[in-house]
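Subject: Structure handover

Hello,

Please find the structure below. My notes on it follow.

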Amino acid sequence: MDNLIGLDKLELQSILAELGEKPFRAKQIWHLIYNQGKTDINDFTTLSKSLREKLSKHFTVKRPEIIKELTSTDKTRKWLLGFDDKRKVETVYIPEDDRGAVCISTQIGCAVGCTFCNTGSQKLERNLNTAEIVSQFMTARDSYGEWPSPIDETRYLSNIVVMGMGEPLHNLKNTIKALKILTDGDGIAISKRRITLSTSGITPHITTIAKEVGCKLALSLHAPNNEIRDHIMPINKKYPLEGVLDACKEYQKITGGRQYITFEYLMLKGINDKPEHAREIAKEIKKRKIGAKFNLIPFNPWSGCDYQTSPKSTIIKFSQILESEGFAAPIRVSKGQDIMAACGQLKSKNQ
Ligand code: SAH
Ligand code: SF4
């Protein structure tokens, strides 16, 4: 059985045409799936009984199986989700007062192989399809009972960060298709300003996201120069820093110039955390006149990885230098650590 979740409107229209139905039904079905959150085609009561029967013969609106759900003392919630082939991902909800972000994954494992990342230590198993990407968010909504979709301002699950497992730009087609459903007013209808895609810097695809989606961009920078970046992020040998930063500038131009690029910078003790590193990277960004802010991320340890996080005082100093260079540089407070839901701690194996 195929899933109705993840089909774009044109695909749905052609399926409806085959069933002898009018194209406008596609929009109606999207509303039932993405606004009303129906999980059973028999509950599509705004459609005729005969259409419901025809649809249920071939389709479902199935979510992934929830294998485990954990809620942290700080209210972060994590789901271990299982797909049809028994492979698993972790999806996280990170609350902030009266709203919050769902962190979704795009791949099982990751081929980029950053040396500090637990996901990267696992090799790529496969890409997630569009249904699997979109339904992570829908499962989170199910869990909080946030259906039908409330209007923007009152949503608890208000934001999406594409920062879970995998490199979204290595699964470009499905990621773009999923983001289009998530941002479409007839779909999940989350504003593109409330969605942030994080990438390790697959240079040729960065501007594609700007053109096709136009959401916010976070770039996993983590190093001030090629020498250090090559060492901790092997992808840098293929796509060196200069080209990545140029693409960020281009991204900003395409999306209208007002949206800041977020540079994520992992603080690794003795590796990338010296004052001269802060000055060096500030210079590269200023040279290109990129409107940017930093997000300094304390390294989250995991067993089998030898890095240590920089001491608090080092991180504060680093932040102060970036601020004196004109960049906001807050230090990320790690959430959900007690349930292993923090950055770099997600994995597909339920070990
Ligand atoms: N592949 C994309 C998105 C997923 S990773 C990317 O790399 O941007 C999301 C963020 O978690 C990235 O900035 C990544 O560098 C960071 N991260 C990975 N391992 C981490 C760890 N052990 N501690 C803290 N952050 C980590
Ligand atoms: Fe992949 Fe991102 Fe982890 Fe690097 S940090 S290995 S790109 S998931």
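A residue is taken as near a molecule if one of its heavy atoms lies within 4 Å of it. By that rule the residues around ligand 2 are Cys110, Val112, Gly113, Cys114, Phe116, Cys117, Gly120, Gly166, Glu167 and Ser200. This is a predicted model, in which local features need pLDDT of at least 70 and side-chain atom pairs count only at pLDDT 80 or more, while totals for chains, interfaces and linings use all residues. Residues are numbered from 1 along each chain as its sequence is written, chains are lettered from A and ligands numbered from 1 in the order in which they are written, and side-chain values use heavy atoms, with hydrogens and water left out.

Aromatic rings: rings of Phe, Tyr and Trp (its six-membered ring) pair if their centres lie within 6.5 Å; planes under 30 degrees apart count as stacked, over 60 as edge-to-face and the rest as tilted. The count comes to nine aromatic pairs. Tryptophan 30 and tyrosine 34 form an edge-to-face pair, because their ring centres are 5.3 Å apart and their planes stand at 85°. Both tryptophan 30 and tyrosine 34 are buried (under 20% relative accessible area, 1.4 Å probe, protein chains only). Elsewhere, ring pairs join Trp79, Tyr93, Tyr144 and Tyr156 in a cluster.

Charges over rings (CZ of Arg within 6 Å of the ring centre and within 35 degrees of the ring normal): arginine 77 lies over the face of tyrosine 144, 4.3 Å from the ring centre, and arginine 141 over that of tryptophan 147, at 4.9 Å.

Domains, with bounds from an automatic or database assignment: the protein is divided into domain 1 (2-60) and domain 2 (65-339). Their C-alpha centres lie 33 Å apart.

Regards

Key
Buried < 20%, exposed > 50% of the residue type's maximum accessible area, 1.4 Å probe, protein only.
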